Amino acid sequence: MNFAFLHKYASLMHFYRLSHTLTPWLAAATLALFAWGLVGGLLLAPTDYQQGDSFRIMYVHVPAAWMSMFVYVTMAVAGGVALIWKLKLAEIVSRACAPLGASFTFLALVTGSIWGKPMWGTWWVWDARLTSELILLFLYLGVIALHGALDDRRAGARAGAVLALIGVVNIPIIHFSVEWWSTLHQGATVSKFSKPSIHIDMLIPLLVMISAFQCYFAWSLLVRVRSEILDYDRNASWVRELGRAQEAGR
Amino acid sequence: MTPRRKRMWIIALCVLGVGIAVALILTAFNQNLMYFYSPSEVARGEAPGNRAFRLGGMVVKGSVERGDAKDLTVRFKVTDFAQERAIAYRGILPDLFREGQGIVAIGQLDAQGVFVASEVLAKHDEKYMPPEVAQALKDGQASKAAQP
């Protein structure tokens, strides 16, 4: 198969121009979904029969935890593409994913801890789920550090991609930890293969919040990638022209 | 083989190798990754006898006895629906502690085989529903039980 037509989209200049129209749409979708999800989850959803209002922290915790894994897989896939096809765009995407994913992981750990104190009776336990999620945070920090550790940006991207790919083994461990081992953390509420064990009025805002987090990730990833592209290609003629056009417009 | 294809294979083999290595390590440490022992495992003598460990199970309905004003010890039994184990605990129980709820206790067995806990954590399940729905479910079960 010939993938030559893809080269156009992988070129930094073309990606920069094409993505220009996408950003405002993603921003609007993010804001709309957050407004719907937050009002639906924090105000309209019924209280839980056991946890009362405390359960509402899951409207931040569950999407953050889901995104922490989703972003990692995105980062690893982009890293693999960067290693195999040596695409600059994939290197940039993989690098831009790392701080976003680290933030989602941190948010999941903190919100889980805040929920754990009143519900479980402890801020933190070393069970398999919590420990593997903490390892995920360290993996992100390692990838960020490797990207910045080498003077040559492309060599740094290769090193970061290798760690991202090796760490991908942690993702199924996080997901299945609650099934493989006895953990304090509860099992999955929403899974693909069975009826979710959550009331529909509570489930809908949760799904909206997950889509809001997804849109936020896509939006901020695009913004990061666009600014990285300008930095990467700052000596290229098209970026110089862009700069000159902005100067003239001022 | 083109260099690109070669890189693809190297990466695939590396990820596979790391995956197998981690799977073997996790299998080897399986027992250490268990957060708690079940009452059945304790009954079979698999739990450590001379040091603290965690015991998890469901609080048996009607088994919770609170001490008087002088003795703050709470006594209850946990079950995994095969074996039961008595627990004695002095301290503050978490909000979600109630009969029929899963808990994890940290402590040691005494000479009589009672698990003396120094900490009790509530294990929440993955079910979320409004109070009215929970009540309706309960009523439904009660009426089913009432029928002969």
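Is A:Tyr140 buried or exposed, judging by its C-beta neighbours inside 10 Å? A:Tyr140 counts as buried, because it has 27 C-beta neighbours inside 10 Å. The cut-offs behind that word are simple: a residue is buried if 20 or more other C-beta atoms lie within 10 Å of its own, exposed if 12 or fewer, and partly exposed in between, with C-beta atoms placed from the backbone.

Please keep in mind that this is a predicted model, in which local features need pLDDT of at least 70 and side-chain atom pairs count only at pLDDT 80 or more, while totals for chains, interfaces and linings use all residues. Residues are numbered from 1 along each chain as its sequence is written, and chains are lettered from A and ligands numbered from 1 in the order in which they are written.

**Chain A as a whole**

- Chain A has nine helices and zero strands; helices (H or I, at least four residues) and strands (E, at least two) are DSSP runs, numbered from the N terminus.
- Along the sequence, the pattern of chain A reads α-α-α-α-α-α-α-α-α.
- Taken along the principal axes, the C-alpha atoms of chain A fill a box of roughly 65 × 40 × 40 Å.
- Of the 250 residues in chain A, 38% are buried.
- Take the contacts in chain A between residues at least 6 apart in sequence: 76% of them join residues at least 24 apart. Here, two residues are in contact if their C-beta atoms, placed from the backbone, lie within 7 Å.

**Helix H5 and A:Tyr140**

- A:Tyr140 lies in helix H5 of chain A.
- H5(A) has 22 residues and reaches 31 Å from its first C-alpha to its last, close to the 32 Å expected at 1.5 Å a residue. The expected span is 1.5 Å times one less than the number of residues.
- Buried residues of H5(A) include A:Leu136, A:Leu139, A:Tyr140 and A:Val143.
- The buried residues of H5(A) pack against H3, H4, H6 and H7 of chain A, together with helix H2 (30-33) of chain B.
- Leaving aside neighbours within four places in sequence, A:Tyr140 is in contact with A:Ala98, A:Gly101, A:Ala102 and A:Thr105.

**The nonpolar cores**

- In soluble globular proteins, nonpolar side chains tend to be buried together.
- A nonpolar core is a set of buried Ala, Val, Leu, Ile, Met, Phe, Trp, Tyr and Cys residues joined through C-beta atoms within 7 Å.
- The largest core has 63 residues, and those touching the most other members are A:Val71, A:Met75, A:Val93, A:Cys97, A:Val143 and A:Phe213.
- H3(A) provides the largest share of this core, 16 residues.
- A second, separate core of 25 residues includes A:Trp120, B:Val42, B:Val78 and B:Ile103.
- A:Val93 touches A:Ala78 and A:Val225, not counting residues up to four places away in sequence.

**Where the two chains meet**

- Chain A has 34 residues in contact with 31 residues of chain B.
- On the side of chain A that touches chain B, H3(A) gives the most, with four residues.
- That side of chain A divides into 19 nonpolar, twelve polar and three charged residues. In this count Ala, Val, Leu, Ile, Met, Phe, Trp, Tyr, Cys and Pro are nonpolar, Asp, Glu, Lys and Arg are charged, and the others, Gly among them, are polar.
- Helix H3 (residues 58-85) of chain A and helix H1 (residues 3-28) of chain B pack at an angle of about 140 degrees, with their axes 8 Å apart. Axes are lines fitted to C-alpha atoms, for helices over the stretch in contact, and angles run from 0 to 180 degrees between N-to-C directions.
- H3(A) and H1(B) are therefore oblique to each other: angles under 35 degrees count as roughly parallel, over 145 as roughly antiparallel, 65 to 115 as roughly perpendicular and the rest as oblique.
- Among the residues making this contact are A:Gly80 and A:Trp85 of H3(A), and B:Arg4 and B:Met8 of H1(B).

**Residues in loops**

- B:Leu96 sits in the loop between strand E4 (84-90) and strand E5 (102-109) of chain B, and counts as buried because it has 20 C-beta neighbours inside 10 Å.
- A:Lys86, in the loop between H3 and H4 of chain A, has a positive phi of about 55 degrees although it is not a glycine.
- B:Phe81 has a positive phi of about 70 degrees, and is not a glycine either; B:Phe81 is exposed, with 11 other C-beta atoms within 10 Å.
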